[in-house]
Amino acid sequence: MFLRLLLLFTIVPFVELAILLKLGDEMGWLETLGLIIATGIIGTILARQQGFEVIQRIRSELSSGKPPTDSLMDGLMILIASVLLITPGVLTDITGFLLLWPAFRARMRAVGKAYLLRSGSFRVFTSGPGGQFHETANPFQQPQPRRDAQGNEIIDVEYTKKSSDEKLETD
């Protein structure tokens, strides 16, 4: 993990600087500076708009009693996109704009969920009465059927036996 972070914080800025210098040579430094400022402004406007939409979705899901898992993941990706878009650089801008694209976010959300489920390190805690926290079921995982000691699926059913002399009532 340390190596990945080291590479991220050393290689990426170096590549960004090289790209900006090359753009400055090709387009001119004034145009390159304008491009950096324009992408920052456009990205800020888009991130703000989509951030407000996600907040509304979270409120709606909470008021209907559903856990806002997808909306929270979207909000996190929009926050990351905002940080990337105000950071000068071409690669960070491309990544930031991709994260603002809803179809790309949906794909990243699916990849993130699969990673969390596969790693087994995902745990959900909810607040109970008196402010106590307890672990709850993983909201991304489908409920598994209960099984007995031999591995057979347990199916709970209730039935009422009716006597043969009872008649069906019809209107």
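**A walk through the helices**

Among contacts in the chain between residues at least 6 apart in sequence, 42% join residues at least 24 apart. The model is a predicted one. The chain has 171 residues, and buried residues make up 20% of them. It holds five helices and two strands. Read from the N terminus, the order of elements is α-α-α-α-α-β-β.

Start with a pair of helices. Two packed helices are described by the angle between their axes and the distance between the axes. Helix α2 covers residues 29-63, and helix α3 covers residues 69-86. They pack at an angle of about 165°, and their axes lie 9 Å apart. That angle makes α2 roughly antiparallel to α3, because angles over 145 degrees count that way. The crossing of the two helices is left-handed.

Which residues of α2 and α3 meet? From α2 come T39, G40, G43, T44, A47, Q50, G51, V54, R57, I58 and E61. From α3 come S71, L72, D74, G75, I78, S82, L85 and I86. Sorted by class, this contact has seven nonpolar, nine polar and three charged residues.

Take S71 as one example. S71 sits in helix α3. Its relative accessibility is 1%, so S71 counts as buried. Leaving out residues up to four places away in sequence, S71 touches V54, R57, I58 and E61.

Next comes the nonpolar core. The largest one has 10 residues in all: A47, V54, I58, M77, I78, A81, L84, L85, L99 and L100. Helices α2, α3 and α4 each supply at least two of its residues. Helix α4 spans 90-100. Which helix gives the most to this core? Helix α3 does, with five residues.

L100 is one of the core residues. Neighbours within four places in sequence aside, L100 is in contact with G43, L46, A47, Q50, I78, A81, L85 and R105.

Now turn to helix α1, residues 2-27. The axes of α1 and α4 come within 7 Å and cross at roughly 105°. That makes α1 roughly perpendicular to α4, because the range for this term is 65 to 115 degrees. On the α1 side, the contact is made by V15, E16, I19, L20 and L23. On the α4 side, V90, L91 and T92 take part. The residues of this contact divide into six nonpolar, one polar and one charged.

Is T32 buried or exposed? Its relative accessibility is 6%, so T32 counts as buried. T32 lies in helix α2. Beyond residues up to four places away in sequence, T32 touches L20, L23, G24 and M27. Of these, L20 and L23 also take part in the contact of α1 with α4.

T87 is found in the loop between α3 and α4. With a relative accessible area of 31%, T87 is partly exposed. Setting aside neighbours within four places in sequence, T87 is in contact with T92 and D93. T87 and I36 are 51 residues apart along the chain, and their C-alpha atoms are separated by 8.8 Å.

Notes: Residues numbered from 1 in each chain as written. Predicted model: local features only at pLDDT ≥ 70, side-chain atom pairs only at ≥ 80, totals over all residues. Heavy atoms only, no water. Axes fitted to C-alpha atoms, helices over the stretch in contact; angles between N-to-C directions. Helix = DSSP H or I, 4+ residues; strand = E, 2+ residues; numbered from the N terminus. Parallel < 35°, antiparallel > 145°, perpendicular 65-115°, else oblique. Left-handed = near helix turned anticlockwise from the far one by under 90°. Contact = heavy atoms within 4.5 Å. Nonpolar A, V, L, I, M, F, W, Y, C, P; charged D, E, K, R; others polar. Core = buried A, V, L, I, M, F, W, Y, C linked by side-chain atoms within 4.5 Å. Buried < 20%, exposed > 50% of the residue type's maximum accessible area, 1.4 Å probe, protein only.
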